[in-house]
Amino acid sequence: MNTRTLVAAAIAIAALGATATSAQTVKVGIINTYSGPFAEPGELIDRGITLYMKQHEKDLPPGVKIELIKRDDTGPQPDVAKRLAQELITRDQVQLLAGIVYTPNAMAVAPLVTEAKVPLIVMNASTPVITMKSPYIARVSFTLWHSSYPLGQWAAKHDIKTAYTAVSDYAPGADAEEAFIKGFTEGGGKIVGSVRIPLQNPDFAPYLQKVKDANPNALFVFVPAGTQAISVMKTFGDVGLKQAGIKLVGPGDITTDEGLDAMGDVALDVITMGHYSAAHDSSTNKAFVQAYQAEFGKDQVPAFEVVGGYDGMAAIFDVVKAQNGKIDPDKTMALLKGWKYDSARGPIMIDPDTRDIVQNEYVRRVERVNGHLANVEFETIPMVKDPWKVLNAK
Ligand code: PHB
């Protein structure tokens, strides 16, 4: 090697060193459900994360990178989620956490993010109280009160005089039940029965048979989105509730867009309240659906979980960009408070007081559109704050 080559090599090595030290890699731990019977929402959230990263990685400031460290909590398993959060915080030294499909997992992780001051962006888990369990939690998804309380009010106004409620026996189910009953009875509706169904391996038939015998005008159901929602819908048809003229209503979780075609015609005319439909009529959503199908297949339809993952990444990118990759937890939370975004679901904001999402809720009916079942929105309740927090504010 002659001197010139040596000098050139030395400069090249120095330059490499300089980029290595000036580069900011933000480590984001993703705690999500990737395996087992509860994995479907997690897989959809992951698609949203992947799509956003792919579209926007180039928008990060020069030298700033986001590294995702993904972990599988295997379902509503608070002990697993807690261990994963501990490992991500102490061993992997993540600066941010995100994901979390199931409420019990969010509750288990909350004390750890407070102690370690690692902001957590909740992309699904939906019991209202989660955001109150740590000042380092913000939520981009929804609460069961966002959907089920206005749905109860709507049902009472639309010729439904009597209703039965059936929900999964864990926190979000209790929230959905309480919210619907409050909205419905305040509007003059009467509850003729309520039942809670085991979260693990549920057999819906005996419960729905009881509902059929009680013959209410409507059955309100909440089960976690995914395989259980498809199963409860099929059982609703098999046990003959639809044929008996009982209307099925619930939060958007029971008619997720990706599951509709698998549910089949029994889902037709089901009324739900939800924050996202793939059929939402806006240019932002049309571009979103197009990009989703380009990435995951022409026959794929994004459901609300995809939007949770996607919008959560949008929030993460915005806080990373604003801090040029140097994450300060308190600055991050200040940036998240009042954060606004033009989402595929419509305009969204993080409430600065509660760190919970503010978003439109839509009344939707399942209809056949161009040969496929779709959640067709026909009424909008604009910019709903979590009603549970509004009602319980001192
Ligand atoms: C939750 O556990 O918070 C949860 C899971 C699935 C849903 C809604 C809520 O569809």
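Tutor: Begin with a definition: two strands pair if DSSP finds at least two bridges between them. Keep in mind that this is a predicted model.

Student: How many bridges join strand β12 to β13?

Tutor: Three bridges join β12 (residues 346–350) to β13, and the two strands run antiparallel. Within that pairing, Met349 has Val358 of β13 as its bridge partner.

Student: What do β12 and β13 form, and how many residues are between them?

Tutor: They form a hairpin, with six residues between the strands. In the turn, Arg355 has a positive phi of about 60°.

Student: Which way do β13 and β14 run, and how many bridges join them?

Tutor: β13 and β14 (residues 372–384) run antiparallel and are joined by ten bridges. Gln359 stands opposite Val384 in β14. These two strands also form a hairpin, with two residues between them. Asn370, in that turn, has a positive phi of about 50°.

Student: In what order do the five strands of the open sheet come?

Tutor: The order is β2-β1-β3-β4-β5, with parallel pairing. From one strand to the next, the twist averages 25°. Inside the sheet, β3 (residues 96–99) and β4 (residues 120–122) pair over three bridges. Leu97 has Leu120 in β4 as its bridge partner.

Student: What describes two packed helices?

Tutor: The angle between their axes and the distance between the axes. Here, the axes of α2 (residues 40–56) and α10 (residues 283–296) come within 11 Å and cross at roughly 100°. Angles of 65 to 115 degrees count as roughly perpendicular, and α2 and α10 are therefore roughly perpendicular to each other. Residues in the contact include Leu44 and Arg47 of α2 and Phe288 and Tyr292 of α10. By class, the contact has six nonpolar, two polar and three charged residues.

Student: Which of the 13 residues around the ligand come nearest?

Tutor: They are Thr103, Ser126, Tyr170, Ala225 and Asp253. A polar side-chain atom of Thr103 is 2.5 Å from a ligand oxygen atom. For Tyr170, a polar side-chain atom lies 2.7 Å from an oxygen atom of the ligand. Ala225 has a backbone N or O atom 3.0 Å from an oxygen atom of the ligand.

Notes:
Residues numbered from 1 in each chain as written. Predicted model: local features only at pLDDT ≥ 70, side-chain atom pairs only at ≥ 80, totals over all residues. Heavy atoms only, no water. Axes fitted to C-alpha atoms, helices over the stretch in contact; angles between N-to-C directions. Helix = DSSP H or I, 4+ residues; strand = E, 2+ residues; numbered from the N terminus. Parallel < 35°, antiparallel > 145°, perpendicular 65-115°, else oblique. Contact = heavy atoms within 4.5 Å. Nonpolar A, V, L, I, M, F, W, Y, C, P; charged D, E, K, R; others polar. Near = heavy atom within 4 Å. Polar contact = N/O pair within 3.5 Å; in protein donor to acceptor, adjacent residues only side chain to side chain.
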